Amino acid sequence: MAESRIMLDVLKGKEVSPPPIWMMRQAGRYLPEYRKLRKQAGSFLDLCYNPDFAVEVTLQPIRRFGFDASILFSDILVVPHALGRDLRFEEGRGPLLTPISADEVDQLETGGFHEHLAPVYETVRRLRSELPAETTLIGFCGAPWTVATYMIAGHGTTDQAPGRLFAYRHPDAMKKLLSTLARQSADYLIRQIEAGADTVQIFDSWSGVLDEPSFKAFCVEPVAEIVRRVKAAHPEVPVIAFPKGAGVHYDSYRAQTGATGLGLDWTVPLSQAKRLQAGGAVQGNLDPQRLVAGGKALSEGVDAILNALGDGPLIFNLGHGITLDTPIAHVEAMVAQVRKGAAR
Ligand code: CP3
């Protein structure tokens, strides 16, 4: 019953105590059961595009920890893949793509987009029927700017210099690329919702590397476009946006993009988080390294968030994805502490 999904209540602006909890990258290599299936599947993309594997991997952290929300197992880079760009993942190197040139932006193939992504929609459908009724199912996509940085550089970088340079050298091509990604990503999210996703999250992992006008043009406007399109099709479905590293730009981000919920990275001060919570649900923002460290570093970090934000609409989460060296016992301790409530 959708009414019993507490994360959806929080996204409507309600305070729920204890708050719902899930973790970005909750399915992944820190879990032995993930590593086992990953080996069986062969490649990471085989996991993403095979609904049997993808459903199983998505459910693993729910079974183990009983999180309040489950995030579809896939990757943000299946969108450029579905637009005809090549993509592979190499052990230890992360994603590899052939860098897109300014001339190639016009040649992105939108024709077979949904056929390519059909296994993802099938995964969402099966998940909604297999998940416990009280577990919220989150669909997702990458934000256009973050996805574009990987398409342009062809791999991960520390500062997305190739993407920034491309934007200044080829402003028209950049505009076209971001608007194509925004349109296709919105359609992708709408299909996930129609397959059973209760809410969707837009990951803008690289929004912290831009100057002010670029942040507005490359991060705010394309995300606002996605939110507009998703809300036009499904006005009742909450959209969470996560502009990692946005700093002072967080203050106007919710109003400017129309996002329902705001994902906060761990550098956002709790005083700023409190102000942002006055505008609606916030999600975050424990430093993932506190979870690796465990002990006092972890318990103090959890308490600080619960004390500052526990009396408003809060979704407890990390400030970015869990890292592969995180001990499982620390995740168990975090969940227990959040469910017990803050030591006031
Ligand atoms: O959160 C979840 O459990 C859902 C699955 C999910 C993955 N990637 C699985 C994954 C989600 C939501 C993502 C999002 C994603 N992918 C982002 C945005 C969020 C973020 O972390 O900043 C980005 C930038 C990517 C692109 C990507 N995918 C990179 C840079 C890498 C390599 C880094 C790494 O951790 O290896 C990936 C690979 C990836 N995506 C893995 C997983 C579980 C590891 C692949 C493996 O098993 O070898």
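Biologist: In which strand is the place of Asn285?

Modeller: This is a predicted model. The bond from Gly284 to Asn285 is a cis peptide, with omega near -20°. Asn285 itself belongs to the strand that covers residues 282-286, which is S8.

Biologist: What is omega for the cis peptide bond that joins Ser17 and Pro18?

Modeller: Pro18 sits in the loop between helix H1 (6-11) and H2. The bond joining Ser17 to Pro18 is cis. Its omega is about -5°.

Biologist: Which phi does Arg25 have?

Modeller: Arg25 is placed in the loop between H1 and H2. The residue is not a glycine, yet its phi is positive. The value is about 60°.

Biologist: How many residues surround the ligand?

Modeller: The closest ones are Arg25, Arg29, Tyr34, Asp75 and Ser205. By class, the shell holds 13 nonpolar, 5 polar and 4 charged residues. The number surrounding the ligand is 22.

Biologist: How far is an oxygen atom of the ligand from an N or O atom in the side chain of Ser205?

Modeller: A backbone N or O atom of Ala27 lies 3.2 Å from an oxygen atom of the ligand. For a side-chain N or O atom of Arg29, the distance to a ligand oxygen is 2.6 Å. For the side chain of Ser205, the distance is 2.5 Å.

Biologist: What share of the area that the ligand exposes when taken alone does the protein bury?

Modeller: Taken alone, the ligand exposes 870 Å². The part of this that the protein buries is 88%.

Biologist: Which elements give two or more residues to the shell around the ligand?

Modeller: The space that the ligand takes is the largest pocket. One contributor to the shell is a helix, covering 32-41, and another is a strand, covering 94-97. They are helix H2 and strand S3.

Biologist: How many charged residues does the lining of the largest pocket have?

Modeller: The lining as a whole has 21 nonpolar and 14 polar residues. Its charged residues number 9.

Methods: Residues are numbered from 1 along each chain as its sequence is written. This is a predicted model: local features need pLDDT of at least 70, side-chain atom pairs count only at pLDDT 80 or more; totals for chains, interfaces and linings use all residues. Side-chain values use heavy atoms; hydrogens and water are left out. A residue is near a molecule or strand if one of its heavy atoms lies within 4 Å of it. A polar contact is a pair of N or O atoms within 3.5 Å; within protein, one must be able to donate a hydrogen and the other to accept it, and residues adjacent in sequence count only if both atoms are side-chain atoms. Accessible areas come from the Shrake-Rupley method with a 1.4 Å probe; for residues, only the protein chains shown count as cover. On a 1 Å grid over the protein atoms alone, a cavity is a set of points where a 1.4 Å probe fits but cannot get out, and a pocket is an open set with protein on both sides within 12 Å along at least five of seven lines; lining residues have an atom within 4 Å of a point. A molecule sits in a cavity or pocket if more than half of its atoms lie within 2 Å of its grid points. Helices (H or I, at least four residues) and strands (E, at least two) are DSSP runs, numbered from the N terminus. Ala, Val, Leu, Ile, Met, Phe, Trp, Tyr, Cys and Pro count as nonpolar, Asp, Glu, Lys and Arg as charged, and the others, Gly among them, as polar.
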